Amino acid sequence: MLFIIEDTINGILMGSIYGLAALGLTVIFGVLKVINFAHGSLLMVGMYVAYWAVLLTGMHPYLSLVVVVPVMFVFGYLLQDILIKPIFKSEKEVREPITVIIVTTGVWYILDNLALLIFGPQYRNIQDNPLRGKMLEIGDMMVSVPKLWGFFTALATALVIYLFLRKTRMGRAVRATSLDRDAASLQGINQYRIYNIAFGMGTAVAGVAGVTLVPFYNVFPTVGVLFDIKCFIIVVLGGLGSIGGALLGGMIIGVIESVGPQFMTATWTEAIVYALFLAFLFLKPSGLFGVKYDW
Amino acid sequence: MTPSLARGLPLVVLALVAFGLPLAVTSATYLHILILLFLYAYLTTSWNLVGGFAGVLPLGHAAFVGIGAYTSTILSLQYGVSPWIGMFVGGLLSSLVGVIIGLPTFKMRGAYFALATIAFAEGIRVMFENIDYLGPLQINGPRGLQIPPLKTGLVHFMFADKEPYYYIILVMLAAVLALTWAISRSKLGYYLVAGGEEPEAAQSLGINVAHAKLAAMAMSSFLTALAGTFWAQFTLYIHPKSVMSLDISFEIAFIALIGGRGSIAGPVLGALLLRPVSDFSRIYFGDTLPGLHLIIFGVVLILVMLYQPRGLQEPLTRLYRRAMGRLIGDRGAPG
């Protein structure tokens, strides 16, 4: 029985990191109403930035947040400004331009393969960092320390985003735009600037998720693909645009992945996740916490 | 030259060139590249029935390739059924799966539809990777199935040379293009376009949009599965990561989007432009610059989406029309 509790705890911890990655996706969706297919690749970029920052300066992995967050924010801001804004301008009447999916898929392919070109296919990890391989013993249970750090980072990030959206003037503008772009524009809010900021925030959050992964996970060019589809699943599960939903959805996936193998071949858990995802898409597309969606 | 002759002649020339190419191309490598080019043109044209005319973005067509490949291969390996028959069994099976996927997903819009098709396709791939035996059928999990090259000949859909494969895929491509042309001029074609562009308006005119989309999906998945059998017989080795990978689904969609979805020439044009890029960059830069072709794909895709959202077929068709118009002496041949 104990090992199930142990797996559940570690599943929740890993799942909260999935949730953190999905949080970025949900912030972007909440405002722009589009799914960013390049999200996993942005996470990959964040991981490389963190990896090099730590490797070159020898700083604590979490200190690299100081570098990763601003770099990723600017990256996402510019990405939206240069590539996605023109689509919104030319397809004004479309609520969810499908073209954005296609363009962000293009970005995905470019980023992944640029990383392959520049860094090569090898798996990289930081061997000597203070978190690697650390375990916390609680009675007879072992809990991964780097994942525990990730868990608290996920909670903190969610809280920061929540406070930003609720308590600041800019946050209110973001929420207004997400509710009704046209009405927000009429109130003097520059909707495209809000889009840039939201995309920058989502990208920065992907970067934060990258930082939490670097201490214990391998960095390689296609690492984003592992998280890409998982993030899609999590945001639909939790409800697109919902911050709490993203975290909870991530934890559900994490628990399935870590407890599942006790009962079946590990690879089958992936099939269960897909089945759960499809069930939600069909039966409750608004997810656990999402607002009822008018499609 | 009369206008109708001027319009028909280039097609005839094109067909003659296509049929004569193996005489000029003696290198097995180049013939291989041409076969893959036509295979992708075929796959993309089949995809286009749903992704182009019906105006949705399916990103899971690799599942149908896989179902076609596995069905004919299992039937021929375990029961001695000719792949030609297995091909159509696979097509029907895939069509059934396509309709099952389409029933719930066609109600969704935009991103949800794309995500659902990815999830279905990946789910099917994961199942194939985890199943060794499905009842009496040997699937072999991630190891896949090898087709021993024992009996060659037309009946066995297996040849020592590449030329027969070339002609088979060429005929398949011609057939699917003719079918697409016929559909685009049929009621179904108009229903699909209307339903894709203005679902509410189409519905209010009494068009059953859902039925039209399902019909398109059934055909598209059927045709895609036929290519799966061709793939299996051509490469003689299939496994879930090869015939069912997400990369195939994405490449098909990329080719269609760059060439021009919803047009007849678009998918072929897209394959003509992109396949050589991917093959030659793999041949010449495979070691030094891995993934170069995918970067090019991504850049071209973004540029096309931003500046030529209807695909490259549009400006090229315009150029072609102008050239033809000048050739036959009147400005802008209609149609």
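Okay, let's start in chain B, where helix H3 (residues 62-79) and helix H9 (residues 209-235) pack at an angle of about 55°, their axes 6 Å apart. Axes here are lines fitted to C-alpha atoms, for helices over the stretch in contact, and angles run from 0 to 180 degrees between N-to-C directions. That makes H3(B) and H9(B) oblique to each other; under 35 degrees would count as roughly parallel, over 145 as roughly antiparallel, 65 to 115 as roughly perpendicular, and the rest is oblique.

Before I go on: this is a predicted model, so local features need pLDDT of at least 70 and side-chain atom pairs count only at pLDDT 80 or more, while totals for chains, interfaces and linings use all residues. Residues are numbered from 1 along each chain as its sequence is written, with chains lettered from A and ligands numbered from 1 in the order in which they are written.

Back to our pair. H3(B) passes H9(B) in a right-handed crossing, meaning the near helix is turned clockwise from the far one by less than a right angle. On the H3(B) side the contact residues include B:Phe64, B:Gly66, B:Gly68 and B:Ser72, and they meet an H9(B) set that includes B:Thr224, B:Gly228 and B:Trp231. Contact means C-beta atoms, placed from the backbone, within 7 Å. By class, this contact has 9 nonpolar, 8 polar and no charged residues. Ala, Val, Leu, Ile, Met, Phe, Trp, Tyr, Cys and Pro count as nonpolar, Asp, Glu, Lys and Arg as charged, and the others, Gly among them, as polar.

Zooming out, chain B has 14 helices and 4 strands, taken as DSSP runs numbered from the N terminus (helices H or I, at least four residues; strands E, at least two). Its C-alpha trace spans about 65 × 55 × 40 Å along the principal axes.

Now, the two chains together. Chain B puts 34 residues into the contact and chain A 35. Which helix of chain B gives the most to the side that touches chain A? H5(B), with 15 residues. That side of chain B has 26 nonpolar, 5 polar and 3 charged residues.

Last stop, chain A. Strands S1 (residues 135-138) and S2 (residues 141-144) run antiparallel, joined by 4 bridges; strands pair if DSSP finds at least two bridges between them. A:Ile138 stands opposite A:Met141, and A:Glu137 has A:Met142 as its bridge partner. The hairpin has 2 residues between the strands, and A:Gly139 takes a positive phi near 60° there.

Methods:
Two residues are in contact if their C-beta atoms, placed from the backbone, lie within 7 Å.
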